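Keep the sequence and the 3D view side by side.

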Amino acid sequence: MAEGDAGSDQRQNEEIEAMAAIYGEEWCVIDDCAKIFCIRISDDIDDPKWTLCLQVMLPNEYPGTAPPVYQLNAPWLKGQERADLSNSLEEIYIQNIGESILYLWVEKIRDVLIQKSQMTEPGPDVKKKTEEEDVECEDDLILACQPETPAKALDFDISENQTDRRSTFQAHLAPVVCPKQVKMVLAKLYENKKIASATHNIYAYRIYCEDKQTFLQDCEDDGETAAGGRLLHLMEILNVRNVMVVVSRWYGGILLGPDRFKHINNCARNILVERNYTNSPEESSKALGKNKKVRKDKKRSEH
């Protein structure tokens, strides 16, 4: 590795660590090796009206001689508004060539969202529509759950273990087409005494409602702070559908810090790729613009 490359690599790692520390749940590692990350940005963390996902890939030449490769993803971001925001980010890069700029980009986007929320125009009206469509979609899916369907839901796959400092992580995957199957998969998994004894069983699922072209999706931390939301966010980025992933963690007595999220998402990503649930990166990027319905649990605790 050339000296310049080594310097860039170190600066990138330092920036990544800082961003993860600053933004916590908003920061998501998509692919650690390829240095692809996603930041979920909103005008107000507690009561978001406008939200946007910034996906970035850090090339080897960044921050020295090349900018991050980025993608702006939000259903409402179109036309001139998208062009203006892209121009603002590129202007920030030009004014700070050779410097780390991810923080500046995120805060610029947040400023734009805050200004947007303070204008007279209403928000995208996601909340009311989401509740109504979720209820209708769930009803349709439960009706679509024929007697023979649950047998398929119990046909789940198990990944190889990942171990780090005595903590062990294992992913389980099952096809699901209705919420009833989610409960059946969990019940079947918990029949396994080893899985039932795991410190945490984090899960997320996404079910696509074909007629309404919306997703019914949810997640569970099971006591592992923010892990369910990060897992669901990974599944959104990969644009998977009609699938549930459960990641079991057996705690080994040593705190792993942010590394635990890397292992959870790596396990999940690997099994989704192995079972051919993932699209190409281009398709996944386009899919981020589609409607998504998310209901996240609020449990928060550590280890």
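In cysteine 28, the sulfur sits 6.3 Å from the closest cysteine sulfur, that of cysteine 38, and this is too far for a bond. This is a predicted model, so the distances come from predicted coordinates. A disulfide is a covalent bond between the sulfur atoms of two cysteines. The cut-off for a pair is 2.5 Å. Now look from cysteine 38. Its closest cysteine sulfur belongs to cysteine 53, at 4.3 Å, again too far for a bond. The structure holds zero disulfides. Are these cysteines buried or exposed? Cysteine 28 is buried, with a relative accessible area of 1%. Cysteine 38 is buried too, at 0% relative accessibility.

Next, the strands around this region. Strand β2 covers residues 36-42 and pairs with β3 in the antiparallel sense, over seven bridges. Within that pairing, isoleucine 36 has methionine 57 of β3 as its bridge partner. β3 also pairs with strand β4, residues 69-73, in the antiparallel sense, over five bridges. Here methionine 57 has valine 69 of β4 as its bridge partner. How enclosed is β3? Five of the seven residues of β3, which spans residues 51-57, are buried, so the strand is largely enclosed by the rest of the structure.

Now turn to the nonpolar interior. In soluble globular proteins, nonpolar side chains tend to be buried together. The largest nonpolar core here has 27 residues. Those with the most contacts inside this core are Trp27, Leu52, Leu54, Leu72, Leu102, Trp105 and Ile109. Which elements build this core? α1 (3-23), β2, β3, α2 (79-95) and α3 each supply at least two residues. The largest share of this core, five residues, comes from α3.

Helix α3 spans residues 102-118, and leucine 104 has its place there. Leucine 104 counts as partly exposed, at 35% relative accessibility. Together with Ile22 and Tyr103, Leu104 makes a nonpolar surface patch of about 280 Å².

Charged pairs come next. The structure holds ten salt bridges. One of them joins the side chains of glutamate 26 and arginine 110, at 3.5 Å from N to O. This pair links distant parts of the chain: glutamate 26 is in the loop between α1 and β1 (27-31), arginine 110 is in helix α3, and they are 84 residues apart. Glutamate 26 is buried, with a relative accessible area of 13%. Arginine 110 is buried as well, at 11%.

A second pair joins glutamate 81 and lysine 116, whose closest N and O atoms are 2.5 Å apart. Glutamate 81 is in helix α2 and lysine 116 in helix α3, 35 residues apart, so this pair also links distant parts of the chain. Glutamate 81 counts as partly exposed, at 32% relative accessibility. Lysine 116, by contrast, counts as buried, at 5%. Salt bridges that share partners also join Glu26, Glu107 and Arg110 into one network.

Glutamate 236 pairs with arginine 40, the closest N and O atoms being 2.9 Å apart. Glutamate 236 lies in helix α8 and arginine 40 in strand β2, so the pair ties together parts that are 196 residues apart in sequence. Glutamate 236 is buried, with a relative accessible area of 4%. Arginine 40 counts as partly exposed, at 25% relative accessibility.

How many residues of helix α8 are buried? Eleven of the eleven residues, 227-237, are buried, so α8 is largely enclosed by the rest of the structure. Among them are Arg230, His233 and Glu236. Just after α8, asparagine 239 takes a positive phi of about 55°.

Finish with strand β8, residues 200-209. Ten of its ten residues are buried, so β8 is largely enclosed by the rest of the structure. In a regular strand the side chains alternate between the two faces of the sheet. Both faces of β8 are covered. One side carries His200, Ile202, Ala204, Arg206 and Tyr208, all buried. The other carries Asn201, Tyr203, Tyr205, Ile207 and Cys209, also all buried. What pairs with β8? Seven bridges join β8 to strand β10, residues 243-250, and the two run antiparallel. There, arginine 206 has valine 243 as its bridge partner. β8 also pairs with strand β9, residues 214-220, in the antiparallel sense over seven bridges. Tyrosine 208 stands opposite phenylalanine 215 in β9.

How values were computed
Residues numbered from 1 in each chain as written. Predicted model: local features only at pLDDT ≥ 70, side-chain atom pairs only at ≥ 80, totals over all residues. Heavy atoms only, no water. Buried < 20%, exposed > 50% of the residue type's maximum accessible area, 1.4 Å probe, protein only. Helix = DSSP H or I, 4+ residues; strand = E, 2+ residues; numbered from the N terminus. Pairing = 2+ DSSP bridges. Patch = residues over 30% accessible without salt bridge, like charges linked within 9 Å, V, L, I, M, F, W, Y side chains within 5 Å. Areas by Shrake-Rupley, 256 points an atom, 1.4 Å probe, with all protein chains shown as cover. Salt bridge = Lys/Arg side-chain N within 4 Å of Asp/Glu carboxyl O. Core = buried A, V, L, I, M, F, W, Y, C linked by side-chain atoms within 4.5 Å.
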